[in-house]
Amino acid sequence: MLLFEHFGKNTELGDPVEVKLEQLSEALYCTPRNAKLILAKLQSEQLIVWLPGRGRGNRSRIAFKVDKEAYLIEFSQNLAEQGNYKRAFDLIGTHATGTLAKPKFLEWLDKQFGYKKGEAEEGQHSQDILMFPVLKPPLTLDPAELLYSFDSHLIRQTFDRLLRFDVQQGTIVPMLAHAWSSNDCATEWTFHLRKGVRFHNGQELTSRDVQFTLERLQNGTANSWLMRGVEGIETMGPRALRVKLSRPNRVFDRFMCSAAASILPYGFAGMEEGDYWSLPLGTGAFRLISSTTERIELAAFDAYFQGRPYLDRVDIVIIPGDCVQEMEGNAKLHHSMDTLRMYSYAKEEAWQEIEKLCQGCTMLIWNVSRDGLQQSEALRRVVKMILHPGEMVADLGGERVLPAFGFRPETSRSHTVEPMRPERIRRALEESGYAGEVLRLAFHPKYSEDGLWIMNRLTEWGISAKVVDYESWSDADFCVSGLVFQEDEVCEVEAYEHRDYIMHSYFDEERKKWITGRIDEAVAAESTDQRRMHLKEIEDYVRDEATVIFLHHRRTSTYMHPSVRGVSLNPLGWIDFQNVWLE
């Protein structure tokens, strides 16, 4: 390809071009001797014809037998089929200029995504494989440091928790623990483990693994909020343990349903911690067999205690950022929050469309932990009036389907969307004392449309704002962020208490102390209604003082071939691989 770009661009295929050996070695960044070896190799593969000049005045000639575009596509496809996506994308990025190789390769790659039967070796059964693209690799596979939904989804496939919250039934069901109980005041919780549960290395699960996991979780991790109030964890034999709390928590069993409380093997199964996280072992339905910046591979765990999955393998391809635009509209799998979008024109008539309204919302959060204009409640209220959620949904559309007035869609549905009141906004803006100061706005790239809409709206009303790099979100005055509830009330608590979540970082100590007090009252409450009342008090407070401005709720959807069965979207808007099978 390098030689073609230097010497073959302006000639017909097969026509010889006069060239000096020194020119070839310069193009190939090597000595003339090595250039001769490369030329001989290319000629033996019938890619070129090399005619060295013999004698004084006879120039050497090179003729290209293969078109660069066709060869680049074939070469990249072969690399991708071998799982070397990074090199394939690098080649396309380096050599596709002036050709249609990039769109053709991406079109071919798109057809590889979805559910398919893998080729079987002689005497073996064919494999059922799910392959799909995402835009970026997971940030962590450590449950204790978990924050983002894609990471949580992968952790749920490879690890298990003591208990599981069944969204359809609205109840907690057994998982690694087959039974559990608490004392009357909910300060002691006892868990009884199943027999015969095994980690991916064959080691049997015991109470020591659970104790190790919970004590590690307790020790200053991002998700240590789950263990706030825990005084001690003691084993009561190989399959029972007791957790003692300093204050009542009647939903501690719900806390143990969180992906962040996924159980690890004691002492990282005898490995160094760094080695363990390169390919972590869990008890989940799938085991991780490779994880790189360009590809993640999961394989079914044959000894899974709830039954082996039907899918044999899941391949996740991480698409480089410079290929995202070309892939949009083509991806056969669609998770609008984290992966590639699939527009309605791309689906085939017979395909199933599965759609789900996200439990959670997109919102604007003010950084009231620092001095500045954002401390003005009057100005925050003005911005809240300007950023009319109904008009935002109408203007931007797409996966934005419902104006938000709270964290959950059911809360927002009960609100009436009032019209904009320009005179009221002008009067409030004058009364706020705003004098043209510049506000700093941060937003993740996936919220760029929302962020730019906000910028334009504020500019229309004479409020100056500039976009700061998302990496510096902690220094911004306000930030656009999203929240997805995996399980209802526990995720609401997490939104306030998770060490790395924006609300926890943006709220001042006085607010955080007040919120923590309401949370303690909520988890100690004896009924769901009482618990909801305390949590609603927090939601109403941050909405009324406009510390949080709710914007909209999104939908997620996916398209499936009619032979695919057992598909449903979990609360994260993803497909649980364990339940999928192919007809």
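1. Overall make-up. The chain has 20 helices and 23 strands. The model is a predicted one. Of the 583 residues in the chain, 53% are buried. Where contacts join residues at least 6 apart in sequence, 66% of them link residues that are at least 24 apart.

2. Helix α5. This helix spans residues 85–95. Which of its residues are buried? They are Y85, A88, F89, L91, I92 and H95. When α5 is viewed down its axis, these residues fall within an arc of 155°, and so they line one face of the helix.

3. A96 is located in the loop between α5 and α6, the latter covering residues 101–112. Is A96 buried or exposed? A96 counts as buried because its relative accessibility is 8%, and the cut-off for buried is under 20%. Apart from neighbours within four places in sequence, the contacts of A96 are with L72, L91, A101 and K102. One of these, L91, is also among the buried residues of α5. A further pair deserves attention: A96 and I73 are separated by 23 residues in sequence, and their C-alpha atoms are 9.0 Å apart in space.

4. The hairpin of β8 and β9. Strand β8 (residues 177–182) and strand β9 (residues 188–193) run antiparallel and are joined by 5 bridges. Within this pairing, A177 stands opposite L193 in β9. The two strands form a hairpin, with 5 residues between them. In the turn, A186 has a positive phi of about 60°.

5. Helix α12. The helix comprises residues 377–386, and L379, R380, V382, V383 and I386 are buried in it. Why do these residues lie on the same side of α12? They do so because they cover an arc of only 160° around the axis.

6. The second largest pocket. The volume of the second largest pocket is about 620 Å³. The elements giving two or more residues to its lining are α12, α15 (422–432) and β21 (548–560). In total, 24 residues line the second largest pocket, and K384, M385, F405, E418 and R424 lie nearest its centre. By class, its lining has 15 nonpolar, 3 polar and 6 charged residues.

7. How many cavities of 30 Å³ or more does the structure hold? There are 7. The largest cavity contains about 110 Å³ of space. Its lining consists of 14 residues, of which R228, N249, F255, D520 and V523 lie nearest the centre. Both α17 (488–497) and α19 (509–524) supply at least two residues of the lining of the largest cavity, and α19 provides the largest share, 3 residues. Divided by class, the lining of the largest cavity has 8 nonpolar, 2 polar and 4 charged residues.

Methods:
Residues are numbered from 1 along each chain as its sequence is written. This is a predicted model: local features need pLDDT of at least 70, side-chain atom pairs count only at pLDDT 80 or more; totals for chains, interfaces and linings use all residues. Side-chain values use heavy atoms; hydrogens and water are left out. Buried means under 20% relative accessible area, exposed over 50%, partly exposed in between (1.4 Å probe, protein chains only). Helices (H or I, at least four residues) and strands (E, at least two) are DSSP runs, numbered from the N terminus. The arc is that of the directions from the helix axis to the C-beta atoms. On a 1 Å grid over the protein atoms alone, a cavity is a set of points where a 1.4 Å probe fits but cannot get out, and a pocket is an open set with protein on both sides within 12 Å along at least five of seven lines; lining residues have an atom within 4 Å of a point. Grid points are joined across faces, edges and corners, and a volume is the space filled by probe spheres set on the points. Ala, Val, Leu, Ile, Met, Phe, Trp, Tyr, Cys and Pro count as nonpolar, Asp, Glu, Lys and Arg as charged, and the others, Gly among them, as polar. Contact means heavy atoms within 4.5 Å. Two strands pair if DSSP finds at least two bridges between them.
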